Amino acid sequence: MNKQVVQQYYGDILQSSSDLRTDACTTDAAPPLHVRKALGRVHDAVSARYYGCGLAIPAQLEGLRVLDLGCGAGRDVYALASLVGPNGHVTGVDMTPEQLAVAREHEAWHAEAFGYDRPNTTFIEGELEKLDALDLEAGSFDLIISNCVINLCSDKPAVFRAAHRLLKPGGELYFSDVYADRRIPADLVKDPVLYGECLSGALYWGDYQAVAMAAGFGDPRVVDHRPLAILDPELKAKVGQIRFASVTARLFKLDGLEPACEDYGQAVIYRGGVEGMEDVFILDAEHAIEQGRVFPVCGNTLAMLMETRFASYFDVVGAGDRHFGLFPGCAAPDVFAAVDTAPAAAAPVGGCC
């Protein structure tokens, strides 16, 4: 049922973001200036059909090969196409023909607006649960993004496994999605409006972390999070005490990441130079690294910085040949709490070192 529900909801029922009945598919974070400029260059007809729940556009994109899972009408694809430049490429996958028709209609317009000789975009119709059946080469993408779509998939583990297979070593899955603070009852999963509004298909937060790690993504990291508001009284009554959160997360394809944050007596110094993060490099919600300042890191964080596209922006202090036990003060954020509240007690999977 879920495939038909999603296709009808996003192909026929939703004609613009104003038709939404919750704030799940809205974004309140202010992007960096260069990202705002890229988003501002997207055609109005494409932007009007945007249903993302966060900002799924990370830093340092020049020349990257990017895959957008659940690209819809292509807002993020075109913003990324502007940011990766003429030597990069962005592929969008979606299963909704009506959305893809809007995206494809504007390919030539965006190439001309960006000053490119030809479009650096491709749009493919297909289901995210069946990425292996599409013409996508394993290990060929530097970055995979998704914006409020994985929760709509019936086989979420298959999506994470395919993403891991498609990424290059050191690549990342950077995505925004909706999560619940408990497993959703079956009767709510069958509700077409709750499902289409990205609520009743949401993974329980604990299950998400287990699924991500089982797919090969060690030490999941939270970049940003906010609690969701349900605007419609009828929908609010249906979900009762279930809490929902929009989370932007990043998962790196790196070998050897450890289950916990381990201290090897190392630190990094950020040289600066990443656009939009000239003074402070934000790896995740727990790592704001000031330019020029010695910043102690655990082994996992060091790998996320030095075995990825960010390596040239950091210097390493310490040989890392001695283990000092668990990194002190390691705790993952409570994604269901207000952003300005204190973090929860230490969590079993990474998040803060």
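**Close-up 1. Glu-172, Arg-250 and Arg-309 are joined in a network of salt bridges.** A salt bridge is defined as a side-chain nitrogen of Lys or Arg within 4 Å of a carboxyl oxygen of Asp or Glu. The model is predicted: local features need pLDDT of at least 70, side-chain atom pairs count only at pLDDT 80 or more, and totals for chains, interfaces and linings use all residues. Residues are numbered from 1 along each chain as its sequence is written, and side-chain values use heavy atoms, with hydrogens and water left out. Between Glu-172 and Arg-309, the closest N and O atoms of the salt bridge are 2.9 Å apart. This pair links distant parts of the chain, 137 residues apart: Glu-172 belongs to strand β5 (residues 167–180), whereas Arg-309 lies in the loop between α12 (299–306) and β13 (314–317). Helices (H or I, at least four residues) and strands (E, at least two) are DSSP runs, numbered from the N terminus. Glu-172 and Arg-309 are both buried; buried denotes under 20% relative accessible area, exposed over 50%, and partly exposed the range in between (1.4 Å probe, protein chains only).

**Close-up 2. A salt bridge connects the side chains of Arg-165 and Asp-132.** The N to O distance is 2.7 Å. Arg-165 is located in helix α7 (residues 156–166) and Asp-132 in the loop between β3 (121–125) and β4 (141–147), so that distant parts of the chain, 33 residues apart, are linked. Arg-165 is partly exposed, at 31% relative accessibility, while Asp-132 is exposed, with a relative accessible area of 54%. The structure holds 15 salt bridges.

**Close-up 3. Asp-181 and Arg-182 form a salt bridge through their side chains.** The N to O distance is 2.9 Å. Asp-181 is buried, with a relative accessible area of 18%; Arg-182, at 37% relative accessibility, counts as partly exposed.

**Close-up 4. Asp-263 is buried yet has no salt bridge.** This residue is placed in the loop between β8 (244–252) and β9 (266–270). The nearest side chain of opposite charge, that of Arg-322, is 9.8 Å away; Lys and Arg count as positive and Asp and Glu as negative, while His and the chain ends are not counted. A polar atom of the Asp-263 side chain lies 2.8 Å from the backbone nitrogen of Gly-265. Residues touched by Asp-263 (heavy atoms within 4.5 Å), not counting those up to four places away in sequence, include His-323, Phe-324 and Pro-328.

**Close-up 5. Three strands form an open sheet in the order β12-β9-β13, with antiparallel pairing.** Strands pair if DSSP finds at least two bridges between them. β12 (294–297) and β13 stand at the edges with a single partner strand each, so one side of each has no neighbour in the sheet. Neighbouring strands are turned by 35° against each other on average, direction ignored. β9 and β12 run antiparallel and are joined by 4 bridges; Gln-266 has Val-297 in β12 as its bridge partner. Helix α12 lies across β9, β12 and β13, running at about 150° to β13. Axes are lines fitted to C-alpha atoms, for helices over the stretch in contact, and angles run from 0 to 180 degrees between N-to-C directions.

**Close-up 6. Tyr-208 is found in helix α10 (residues 205–214).** This residue is buried, with a relative accessible area of 1%. Not counting residues up to four places away in sequence, Tyr-208 touches Phe-160, Phe-175, Tyr-179, Leu-203, Pro-220, Ala-249 and Leu-251.

Methods: A polar contact is a pair of N or O atoms within 3.5 Å; within protein, one must be able to donate a hydrogen and the other to accept it, and residues adjacent in sequence count only if both atoms are side-chain atoms.
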